Amino acid sequence: MTSQTTIPVGIYWKPGVWDLARSAYIADLDTDADSPGSFVGWLAQALELHARRSPQQRSELAAAGEKHPALVSVTRKSFNKKHDLTASTIEAVEDALVADRQELGRMLARSAFAQEAVIAAAEEARRRLGRDLPPPPQKLSNRPPRRRTAR
């Protein structure tokens, strides 16, 4: 398997976190020149960044995001969605999950890890934007246009 091999990975999404991820992705199209141009690329970047953090940093971010409003939904049900992620992204997440378990005794599933990564990435996107994130789009286009940089 090469680092470019993609593997379909199911992530169990809480509706509020799914909306938050899409909102942050859209915001990053306009505020982060290095943001990927596809949602799955944005998700992979969020996962890889979270995996590079130390177990202690991930634990602190998890505690800070524990009561995030995106985690609560009274009207919509959670759902599973498949995302094609590279083998290298999946390996980084799995290595981080093992490190969290070995160093802190934190047992997380991939979906819980993804949820924590998205909440952290969305907070960074909100900071870059300087205001609340935009509402999530009803449907994401494959490659939405980016803000053009001034020349």
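The largest pocket is lined by 15 residues, among which Phe39, Val40, Lys81, Leu140 and Asn142 lie nearest its centre. A pocket here is an open set of points, on a 1 Å grid over the protein atoms alone, where a 1.4 Å probe fits and which has protein on both sides within 12 Å along at least five of seven lines; lining residues have an atom within 4 Å of a point. The model is predicted: local features need pLDDT of at least 70 and side-chain atom pairs count only at pLDDT 80 or more, whereas totals for chains, interfaces and linings use all residues. Residues are numbered from 1 along each chain as its sequence is written, and side-chain values use heavy atoms, with hydrogens and water left out.

Two or more residues of the lining of the largest pocket come from each of α1 (15-31), α2 (39-52) and β2 (79-86); helices (H or I, at least four residues) and strands (E, at least two) are DSSP runs, numbered from the N terminus. The most is given by β2, with four residues. The lining divides into five nonpolar, five polar and five charged residues, where Ala, Val, Leu, Ile, Met, Phe, Trp, Tyr, Cys and Pro count as nonpolar, Asp, Glu, Lys and Arg as charged, and the others, Gly among them, as polar.

The second largest pocket is lined by 17 residues, with Leu61, Gly65, Glu116, Ile119 and Ala120 nearest its centre. Here α3 (55-65) and α5 (110-129) are the elements that give two or more residues to the lining, and α5 gives the most, with eight residues. This second lining comprises eight nonpolar, three polar and six charged residues.
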